[in-house]
Amino acid sequence: MAAASVSGDEEAHIHGNSGLKRGGWITFPFMAATLLGLTITSFGWLVNLIIFLINEFNIKSIAAAKISSVVNGCLCMFPVVAAIVSDSFFGTIPVISSSAFISLAGIVLLTLTASIHSLRPRPCENTSSLCQSPSRLQLGILFTALSLTSIGTGGTRFTLAAAGANQYSKPKDQRSFFNWFFFTMYLGAVIGATAVVYVEDNISWRFGFGLCVAANLISFVVFISGKRFYKNDKPLGSPYASLLRVIVAATLKRQAAISSKEEDYHHEGGEKAMPSKSFRFLNRAAMKAGGDIEPDGSVCKPWRIATVQQVEDFKDVVRVLPLWSASILLSTPIAVLISLTVLQALVMDRQLGPHFKIPAGSLQVIILISTCVFLILNNWFLYPLYQKLTRKPLTLLQRIGIGHVLNILSMAVSAIVEAKRLKILQNHHVIGSSVAPMPVLCLFPPLVLAGICEAFSFPANVALCYQEFPESLKSTATSMTSVVIGISFYVSTALIDLIQRTTSWLPDDINHGRVDNVYWVLVIISVVNLCYFLVCAWFFRYKNLGDDNGQDDVSASTNFS
């Protein structure tokens with residue numbers, strides 16, 4: 001890192017006549033501290049949200065799981081909105097500053113709900129199953145707090161990565177930054193999901209959320225204090241206008257005959273080329289028609305004509321969309337697993353030794369840890385070993401395919417574990433919502449498999465979108481996986497709601513349900529989705545067959561096999 005620091009600082013910009021360097025590795029401590037604090041904050045309240053809603057707001061377990069899924073979905077969708085706003089209007093630095101402040105306001109409000117008794121319903125009586133439901137005002141304040149924290153967290157997550165990478169000119173420094181960025185993010189996630197959650201479960205919600213307030217406040221102050229060192233990126237306008245222009249122009253010219261002459265198409269700059277033959281109907285968008293082009297070559301009607309390059313950029317996006325859509329149902333089972341695992345842990349033996357009880361909300365950290373471990377194993381051992389044995393690298397699509405298979409195994413193991421838990425309940429004649437005499441460690445194997453699945457599929461999906469998307473949409477490409485995760489949480493909420501309405505598998509007391517059947521449904525969905533992915537992968541053709549970074553992410557083979 002020291003060598004990288006020198007090269008990065010050498011390229012830092014000099015601001016004005018003061019000699020102050022802008023950009024380079026001098027900005028990294030500020031970026032890393034900001035990311036660490038915000039990640040501790042977000043994971044500190046997010047992973048324990050279901051428990052908080054059940055214990056403090058008397059919300060039923062399945063309803064709490066659905067609320068958690070919606071919040072997780074928002075956290076993954078907001079980064080795209082933040083990326084559009086920063087690229088088109090304000091730049092990354094102002095968006096991060098304002099988002100961190102919004103997050104701070106949200107977590108302060110959430111802390112007040114845990115501190116002031118009138119902001120939440122009275123706790124349930126131990127001898128009664130009747131609980132007071134939260135009032136509209138209490139729910140309004142709660143949802144306002146969750147909305148603010150979600151907007152603030154989503155506005156900083158990927159925008160902070162883009163802002164950090166913008167501080168370096170050399171690709172080598174940018175790659176080094178991303179390595180440290182993800183390490184810091186996972187470190188913050190582990191701290192938030194373990195230490196902060198432990199405080200919430202064993203000391204008080206007020207103290208635990210107070211730690212989140214402190215972490216958010218410190219990260220906000222640190223980021224603001226480093227503004228004089230940052231290179232400020234200027235917004236370049238929305239890249240989505242050109243994509244929309246292709247759709248509009250092709251629709252308006254849908255009756256025109258497609259020309260085979262190069263001079264009939266609109267080009268920008270000196271480069272001349274015919275549009276590709278794939279998706280030929282889109283080529284009409286670049287065809288010249290009367291009144292589209294002025295005699296001096298300028299565009300007269302911008303929404304009736306696009307350049308050949310803009311048409312080809314749109315085609316690149318369309319080619320990836322089928323594979324991208326397959327990732328939605330790859331992430332949906334994991335989203336369901338995260339919610340249901342918390343409910344399963346609440347009715348299992350979480351005691352680890354005589355003095356420690358595993359917090360139910362912290363089980364998600366198993367996925368994080370296994371993902372981190374296998375990210376290292378994959379890059380340093382498994383991928384090189386595969387290439388050494390087969391003399392060709394593992395392609396991006398093959399890595400994603402392995403993730404699909406591991407996802408199926410994770411759901412199947414989850415179903416087997418839950419069936420075993422229900423069998424133990426029957427054998428021991430446990431009634432009501434009592435804890436089954438089964439250690440919570442039995443939930444670890446499916447969570448580990450889910451983490452390994454993410455280690456294979458998550459980086460490969462990001463790399464595939466980044467590699468295949470046009471240059472003008474690289475920021476969008478890196479956030480596409482976040483969109484997938486966000487959609488998957490919404491789909492998981494809808495799926496849980498559908499199962500709850502049509503079956504008796506998901507009652508509020510899962511001891512009287514059949515959560516194992518839910519997991520078997522996910523196995524079937526995942527198998528069908530794998531078949532869909534294989535079909536898409538078979539017909540997919542890589543745009544580029546090499547990697548200028550010297551990494552063999554793409555093989556010479558252009559199909560899945």
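Mentor: A helix here is a DSSP run of at least four residues, H or I, and helices are numbered from the N terminus. The model is predicted.

Trainee: Is V342 buried or exposed?
Mentor: The cut-off for buried is under 20% relative accessible area. V342 has a relative accessibility of 2%, so V342 counts as buried.

Trainee: How many Å apart in space are V342 and V47, C-alpha to C-alpha?
Mentor: Along the sequence, V342 and V47 are 295 residues apart. In space, the C-alpha to C-alpha figure for V342 and V47 is 9.3 Å.

Trainee: Now the pair α13 and α14: is α13 roughly parallel or antiparallel to α14?
Mentor: Helix α13 spans residues 396–427 and helix α14 spans residues 444–468. They pack with their axes 8 Å apart, at an angle of about 155°. Angles over 145 degrees count as roughly antiparallel. Therefore α13 and α14 are roughly antiparallel.

Trainee: How many residues of the contact of α13 with α14 are charged?
Mentor: The crossing of α13 and α14 is left-handed. In that contact, 17 residues are nonpolar and 7 are polar. The number of charged residues in the contact of α13 with α14 is 1.

Trainee: Helix α10 also crosses α14; is that crossing left-handed or right-handed?
Mentor: The axes of α10 and α14 come within 10 Å and cross at roughly 165°. That angle is why α10 counts as roughly antiparallel to α14. The sense in which α10 passes α14 is right-handed.

Trainee: Which residues line the largest cavity?
Mentor: The count of cavities of 30 Å³ or more comes to 1. The largest cavity has a volume of about 40 Å³. By class, its lining has 7 nonpolar residues, with no polar and no charged ones. The lining residues are F28, M31, A32, L35, L160, F177 and F181.

Trainee: Which helix gives the largest share of the lining of the largest cavity?
Mentor: Two helices each supply at least two lining residues: α7 (171–202) and α2 (28–46). The largest share is 4 residues, and it comes from α2.

Trainee: What is the phi of F279 near, and where does F279 lie?
Mentor: Most residues other than glycine have a negative phi. F279 lies in the loop between α9 (240–252) and α10 (308–326). At 31% relative accessibility, F279 is partly exposed. The phi of F279 is positive, near 50°.

Trainee: R391 has a positive phi too; is R391 buried or exposed?
Mentor: R391 is not a glycine, and its phi is about 65°. R391 lies in the loop between α12 (364–390) and α13. The cut-off for exposed is over 50%. At 79% relative accessibility, R391 therefore counts as exposed.

Trainee: What separates the C-alpha atoms of A145 and T111?
Mentor: A145 has its place in helix α6, residues 136–165. With a relative accessible area of 0%, A145 is buried. A145 and T111 are 34 residues apart along the chain, and their C-alpha atoms are separated by 9.0 Å.

Trainee: How many Å apart in space are G486 and L75, C-alpha to C-alpha?
Mentor: G486 lies in helix α15, residues 474–502. Its relative accessible area is 0%, so G486 is buried. G486 and L75 are 411 residues apart in sequence, while their C-alpha to C-alpha figure in space is 7.0 Å.

Technical notes: Residues are numbered from 1 along each chain as its sequence is written. This is a predicted model: local features need pLDDT of at least 70, side-chain atom pairs count only at pLDDT 80 or more; totals for chains, interfaces and linings use all residues. Side-chain values use heavy atoms; hydrogens and water are left out. On a 1 Å grid over the protein atoms alone, a cavity is a set of points where a 1.4 Å probe fits but cannot get out, and a pocket is an open set with protein on both sides within 12 Å along at least five of seven lines; lining residues have an atom within 4 Å of a point. Grid points are joined across faces, edges and corners, and a volume is the space filled by probe spheres set on the points. Ala, Val, Leu, Ile, Met, Phe, Trp, Tyr, Cys and Pro count as nonpolar, Asp, Glu, Lys and Arg as charged, and the others, Gly among them, as polar. Axes are lines fitted to C-alpha atoms, for helices over the stretch in contact, and angles run from 0 to 180 degrees between N-to-C directions. Angles under 35 degrees count as roughly parallel, over 145 as roughly antiparallel, 65 to 115 as roughly perpendicular and the rest as oblique. A crossing is left-handed if the near helix is turned anticlockwise from the far one by less than a right angle, and right-handed if clockwise. Buried means under 20% relative accessible area, exposed over 50%, partly exposed in between (1.4 Å probe, protein chains only).
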